[in-house]
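Subject: Structure handover

Hello,

Here is the structure I promised to pass on.

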Amino acid sequence: MDNPYRMKLNLKVWRQHGPQDKGGFQTYALDDVSPDSSFLEMLDLLNEQLVSKREEPVAFDHDCREGICGMCSLYINGHPHGPEQTTTCQLHMRSFSDGETITIEPWRAKAFPIIKDLTVDRSAFERIIQAGGYISVNTGQAVDGNAIPVPKDDAEDAFNAATCIGCGACVAACKNASAMLFVGAKVSHLGLLPQGRPEAAKRAQAMVRQMDAEGFGSCTNTGACSAECPKEIPQSVIGMLNREYLLSTTLSEEG
Amino acid sequence: MAWLNAFLSSTIGQKVVVALTGLFLCTFLVVHMVGNLQLIWGTADKFNLYTYAMTHNKVIKVVSYLTYASIVLHAVMAIWVNRRNAGARPVGYAKKGTNSTWSSRNMVFLGVVILVYIVVHLYNFWFQLKFGEVGTVVIEGKHVKDLYPVVINAFQIPWLVALYVVSMAALSFHLIHGFQSGFQTVGVSHHKYTPFIKQLGIWVFGVLIPLGFAAVPIAVMILKDPIPIP
């Protein structure tokens with residue numbers, strides 16, 4: 001007899017052996033899924049079944065499984081991280097209905113090449129950070145945390161921007177595969193604080209240069225990124241990035 | 001000027017060009033709107049004098065060249081940006097959800113509709129005024145081209161009126177997204193005034209101005225009789 005507290009699902013999963021493989025969708029039927037399990041636990045269940053059948057398990061990214069690392073990805077039923085505005089690890093199967101067909105795709109962007117199945121190479125983000133997503137601090141004794149006054153509003157905006165976990169959902173959601181929300185979050189997070197100001201002009205120039213070199217698209221202000229961002233980073237960080245880039249181009253020695 | 005070259009080849013710089021030319025064209029729309037009102041509330045003489053002023057004033061001439069340049073630059077740069085963006089996702093999604101406004105996703109399509117409209121519109125009136133057979137009338141001692149009957153007669157053609165109205169609908173959706181988007185792109189974004197810019201973009205540039213433009217051909221078709229040209 002069917003257990004009413006268990007779900008049956010059809011999974012349409014993107015399978016691709018490697019970066020050069022053409023890839024294609026494979027359909028899997030999965031039953032006995034708990035509505036309380038997370039999406040990744042559901043995929044674990046699928047993989048256990050595949051392994052027991054001596055088939056290749058589905059490769060997907062995951063790490064902390066508590067919504068803070070930004071490693072899990074997956075474009076689920078037309079949305080990055082699925083139907084809820086959270087990370088895939090924090091998405092639960094109760095957000096789906098019994099008997100539903102779930103389409104699972106990797107992030108799609110030229111700058112995020114597929115490694116295997118659902119895993120993509122997001123090191124383009126690391127290179128953008130290396131280009132300017134930091135502040136230079138002298139070694140030695142730690143500076144007194146309260147030595148430099150920071151206005152409360154700035155501190156809060158900077159903190160909100162700093163909640164970006166670099167998952168890439170913004171790129172996945174954007175019709176232009178633009179990384180502006182990510183870069184905007186980093187430029188705002190560092191640029192709103194006094195410690196980040198000395199390098200602000202250089203940072204904006206270097207990070208945008210790297211973002212363009214990686215092949216991300218431009219921002220056409222559709223707002224799709226903020227609508228999908230698990231950390232709800234607002235569009236205003238893109239406004240700040242535009243402002244910082246424009247001002248550093250016209251008023252600073254950088255650029 | 002390496003910095004300028006770098007700026008104009010960056011994704012942000014290219015969008016800034018689209019934004020600035022677009023916002024300039026918004027100011028042009030306001031001026032054009034004021035002129036159109038002459039057709040509804042003014043007389044034939046007033047309209048012809050207005051046409052004369054628009055074609056003979058030096059300042060207007062400079063602004064009109066700026067306007068043509070802006071249209072070309074706006075369109076060329078936007079298509080360039082669009083092609084570059086299409087290249088940023090060579091393989092698309094099988095199942096694509098939406099979470100943004102229709103107009104924000106279809107700016108290039110709407111822009112092409114408006115561009116086609118501009119060509120038709122320039123042929124209808126500007127081309128006729130410059131190269132067509134338009135009569136001359138004497139108003140206030142000046143020999144003025146009699147464009148008034150050309151306009152009134154053009155808007156007796158139902159399909160042309162329909163084309164104008166559809167194009168203004170495209171303009172409406174283009175500006176509902178474009179006006180506020182332009183400010184965001186040039187970095188003018190703050191919670192103090194961004195809500196006002198958004199409302200201004202939707203209600204004045206997205207609704208009022210396109211409605212005003214669409215009202216002219218409709219009003220002419222309904223209210224005015226064709227004028228026999230001698």
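In chain B, of the contacts with a separation of 6 or more, 78% are between residues 24 or more positions apart. Bear in mind throughout that this is a predicted model.

Chain B overall

Chain B has 230 residues, and 29% of them are buried. Its C-alpha trace spans about 60 × 45 × 35 Å along the principal axes. The chain contains 9 helices and 2 strands. In sequence order, the pattern of chain B is α-α-α-α-α-α-β-β-α-α-α.

Helix α3 of chain B

Start with α3(B), residues 44-56. This helix has 13 residues. From first C-alpha to last it reaches 18 Å, close to the 18 Å expected at 1.5 Å a residue.

Which residues of α3(B) are buried? They are F47(B), N48(B), Y50(B) and T51(B). These residues sit on the same side of α3(B), because they cover an arc of only 155° around the axis.

What covers the buried residues of α3(B)? The cover includes α2 (11-41), β1 (136-139), β2 (142-145) and α7 (148-154), which belong to chain B.

V150(B)

One residue to look up is V150(B), which lies in helix α7 of chain B. V150(B) counts as buried because 21 other C-beta atoms are within 10 Å, and the cut-off is 20 or more. Set aside its neighbours within four places in sequence, and V150(B) is in contact with F125(B), Q128(B) and V134(B). Take F125(B): 25 residues separate it from V150(B) along the chain, yet their C-alpha atoms are 7.5 Å apart.

Chain A overall

Now to chain A. Of its 255 residues, 47% are buried. The C-alpha trace of chain A spans about 70 × 40 × 40 Å along its principal axes. Chain A has 8 helices and 7 strands. Among its contacts between residues at least 6 apart in sequence, 69% join residues at least 24 apart.

The sheet in chain A

Chain A has an open sheet of 5 strands. The order is β2-β1-β5-β3-β4, and the pairing is mixed. Which strands stand at the edges? Those are β2 (24-33) and β4 (79-80) of chain A. Each has a single partner strand, so one side of each is left without a neighbour in the sheet.

Both kinds of pairing show up at β5(A). Strand β1 of chain A (residues 7-15) runs parallel to β5(A), joined by 4 bridges. Within that pairing, N10(A) has T101(A) as its bridge partner in β5(A). L11(A) has I102(A) as its bridge partner in β5(A). Strand β3 of chain A (residues 75-76) runs antiparallel to β5(A), joined by 2 bridges. There, the bridge partner of I76(A) in β5(A) is I104(A).

Domains of chain A

How does the domain assignment divide chain A? It gives domain 1 (7-115) and domain 2 (123-251). The centres of the two domains of chain A, taken over C-alpha atoms, are separated by 29 Å. In the contact between them, 18 residues of domain 1 of chain A meet 16 residues of domain 2 of chain A. The side of domain 1 that touches domain 2 has 8 nonpolar, 8 polar and 2 charged residues.

Where the chains meet

Last, the contact between the chains. It takes 37 residues from chain A and 34 residues from chain B. On the side of chain A that touches chain B, four elements each supply at least two residues: β5 (101-105), α6 (200-213), α7 (224-228) and α8 (236-251) of chain A. Which element gives the most to that side? It is α8(A), with 8 residues. By class, the side of chain A that touches chain B divides into 13 nonpolar, 17 polar and 7 charged residues.

Best wishes

Technical notes: Residues are numbered from 1 along each chain as its sequence is written. Chains are lettered from A and ligands numbered from 1 in the order in which they are written. This is a predicted model: local features need pLDDT of at least 70, side-chain atom pairs count only at pLDDT 80 or more; totals for chains, interfaces and linings use all residues. Two residues are in contact if their C-beta atoms, placed from the backbone, lie within 7 Å. Ala, Val, Leu, Ile, Met, Phe, Trp, Tyr, Cys and Pro count as nonpolar, Asp, Glu, Lys and Arg as charged, and the others, Gly among them, as polar. The expected span of a helix is 1.5 Å times one less than its number of residues. A residue is buried if 20 or more other C-beta atoms lie within 10 Å of its own, exposed if 12 or fewer, and partly exposed in between; C-beta atoms are placed from the backbone. The arc is that of the directions from the helix axis to the C-beta atoms. Domain bounds come from an automatic or database domain assignment. Two strands pair if DSSP finds at least two bridges between them.
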